[in-house]
Amino acid sequence: MIFEQPDAPTDQHAAADRVGPAATTPKVRRPSARHGWWAVPLAGLGMLTAVVPIVVSFVPSSAFVEKSRCTEFDTSADPPVCANRVDEAVEYALVPADAEPVEPRMTIEGAPTYDSHGQIYFVTITEPKLSMLDWFITREHDAARLLSHYDKYGDQTPQQLTQSGQQQMRTAKDNAMYVALQAAGYPVELVQGDVIIDFLLCLEANAAGTECLRFSPADEVLDPGDQLTAVNGTPIRTVDDLGPILAKVKAGDEVEVEFVRDGEEMSGEIETILAPGEDPPRTIIGFRPIDTTTVKLPEGIDVDIDTSLIGGPSAGLAFTLTLIDELTEGDLMGGQKVAVTGTIGLDGTVGAIGGLNAKASAVQQVGVRYFLVPTNQGMEGLDGVNQARKVVGDDVEIIMVATVQDALDALVRIGGDPVQLVNLPAT
């Protein structure tokens with residue numbers, strides 16, 4: 001379809017009527033061409049503003065950011081001063097991950113359980129790789145900590161660190177089951193497990209105790225995560241098997257060790273040493289084993305805690321308190337949400353953990369009011385309680401506990417029900 005435009009007026013009067021007063025209006029002039037060059041930098045600036053955040057989100061922080069680490073101290077000075085310092089690329093950050101209830105992850109079969117209106121929360125952190133954008137956002141945050149490759153892994157490989165963390169989590173769950181079920185009156189037994197290397201003994205550290213200058217000779221053969229299977233031809237099943245073998249060996253003599261690393265059977269010879277500070281003297285290989293003790297539950301009782309890919313020992317106290325709450329009458333938390341962190345020993349002691357300030361931030365972000373933390377975190381230092389309190393201010397009340405009994409008493413003070421326990425471990 002074709003639309004025709006109306007004819008333009010040709011009559012002089014009509015033309016005059018159309019122009020009228022407008023004839024006095026100044027003529028609109030086209031902008032000068034010399035002003036057009038402003039469009040180019042402005043368009044470029046707009047493009048740059050849009051592109052830069054995308055680019056820096058892909059550039060790793062290790063390309064531009066470094067942190068300093070002291071590797072040797074001058075002990076003749078008082079206080080000791082750093083004698084050798086190295087600069088290392090910043091690759092990771094320790095940051096808050098989550099705080100979530102334990103109870104939905106826990107399944108108890110074969111034993112009566114009791115409902116509770118409160119919740120125990122366990123807290124996690126993460127150490128992701130950093131981009132330049134991440135670094136810019138987190139560099140001044142009190143709940144974040146910038147890490148080099150050494151800060152995160154030390155002398156371990158990523159696979160060894162993962163294996164160690166998973167083993168520590170298994171130990172935390174087993175210890176929690178032992179302490180809680182024993183406290184609730186159930187007969188539980190401890191069964192020793194395989195001999196797995198946790199770390200090699202440090203024979204000489206710097207004055208500040210932050211770096212090892214000389215490890216035991218075993219460091220030349222063994223790595224953290226290795227499973228020791230035989231010494232001088234004698235099979236090793238548990239740590240107790242080492243004693244009788246090494247009793248026949250003089251410190252300084254070499255022993256032949258067989259071990260498994262990443263599924264591969266290996267062997268080597270290691271010069272033995274004396275156990276530091278022990279009297280009477282005792283010959284050792286020079287490593288600290290991971291606690292692989294497992295718990296034998298009573299017949300018909302099964303406890304499962306789903307921790308999926310979570311590693312480390314710091315949820316031990318949270319697991320213990322949740323189990324006690326499930327297995328005993330009353331409401332341990334008095335209907336409140338309580339976050340908990342700290343390792344758990346078989347004797348009921350609560351041990352220190354890493355990344356406390358980041359964990360405190362995770363607790364704050366989910367709106368939990370109370371946070372139980374280990375007493376032996378201390379008040380000062382990177383993982384001290386003062387740093388955590390600086391992060392959360394008055395939003396979270398941080399309560400320090402040294403034992404399971406301390407934790408139970410603290411819960412009563414904030415409104416929880418006292419529980420009747422049969423056999424809580426005496427610290």
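This is a predicted model: local features need pLDDT of at least 70, side-chain atom pairs count only at pLDDT 80 or more; totals for chains, interfaces and linings use all residues.
The protein has ten helices and 23 strands. Of its 427 residues, 41% are buried. Among contacts with a separation of 6 or more, 73% are between residues 24 or more positions apart.

**Salt bridges**

- Searching the whole structure turns up seven salt bridges, and several of them are described here.
- One of them pairs Arg69 with Glu88, with 2.6 Å between the closest N and O atoms. Because Arg69 sits in strand 1 (residues 66–74) and Glu88 in strand 2 (residues 81–101), this pair ties together parts that are 19 residues apart in sequence. Both Arg69 and Glu88 are buried.
- Glu91 is the salt-bridge partner of Lys129, and their closest N and O atoms are 3.5 Å apart. This pair links distant parts of the chain, 38 residues apart: Glu91 belongs to strand 2, while Lys129 is in the loop between strand 4 (119–126) and helix 3 (132–138). With a relative accessible area of 57%, Lys129 is exposed.
- Arg145 and Asp383 form another salt bridge, the closest N and O atoms being 3.0 Å apart. Arg145 lies in strand 5 (residues 145–148) and Asp383 in the loop between strand 22 (370–374) and helix 9 (385–392), so the bridge ties together parts that are 238 residues apart in sequence. Arg145 is buried, and its relative accessible area is 16%.

- Helix 5 (residues 158–183) contains 26 residues. From its first C-alpha to its last it reaches 37 Å, close to the 38 Å expected at 1.5 Å a residue.
- Gly185 follows helix 5 and has a positive phi, near 95°.
- Helix 7 (residues 316–327) has twelve residues, which should span 16 Å at 1.5 Å a residue. The C-alpha atoms at its ends are 17 Å apart, in agreement with that expectation.
- Helix 7 is largely enclosed by the rest of the structure, because twelve of its twelve residues are buried. The buried residues of helix 7 include the charged pair Asp325 and Glu326, along with residues such as Leu317, Phe319 and Ile324.

**How the two helices pack**

- Two packed helices are described by the angle between their axes and the distance between the axes.
- For helix 5 and helix 7, the angle is about 35° and the axes are 8 Å apart. Helix 5 passes helix 7 in a right-handed crossing.
- On the helix 5 side, the contact is made by Met169, Ala172, Lys173, Ala176, Met177, Val179, Ala180 and Leu181. Helix 7 contributes Gly316, Phe319, Thr320, Leu323, Ile324 and Leu327.
- Eleven residues of this contact are nonpolar, two are polar and one is charged.

**A closer look at Leu321**

- Leu321 is a residue of helix 7, and its relative accessibility of 0% makes it count as buried.
- Setting aside neighbours within four places in sequence, the residues in contact with Leu321 are Ile120, Leu332, Val340, Leu372, Val404, Ala407, Leu408 and Leu411.

- Thr138 is found in helix 3. Its relative accessibility is 17%, so Thr138 counts as buried.
- Beyond its neighbours within four places in sequence, Thr138 is in contact with Leu130, Ala144 and Leu146.
- Pro104 has its place in the loop between strand 2 and strand 3 (106–109). At 58% relative accessibility, Pro104 counts as exposed.
- Pro104 and Ile305 are 201 residues apart along the chain, and 9.0 Å separates their C-alpha atoms.

Key
Residues are numbered from 1 along each chain as its sequence is written. Side-chain values use heavy atoms; hydrogens and water are left out. A salt bridge is a side-chain nitrogen of Lys or Arg within 4 Å of a carboxyl oxygen of Asp or Glu. Helices (H or I, at least four residues) and strands (E, at least two) are DSSP runs, numbered from the N terminus. Buried means under 20% relative accessible area, exposed over 50%, partly exposed in between (1.4 Å probe, protein chains only). The expected span of a helix is 1.5 Å times one less than its number of residues. Axes are lines fitted to C-alpha atoms, for helices over the stretch in contact, and angles run from 0 to 180 degrees between N-to-C directions. A crossing is left-handed if the near helix is turned anticlockwise from the far one by less than a right angle, and right-handed if clockwise. Contact means heavy atoms within 4.5 Å.
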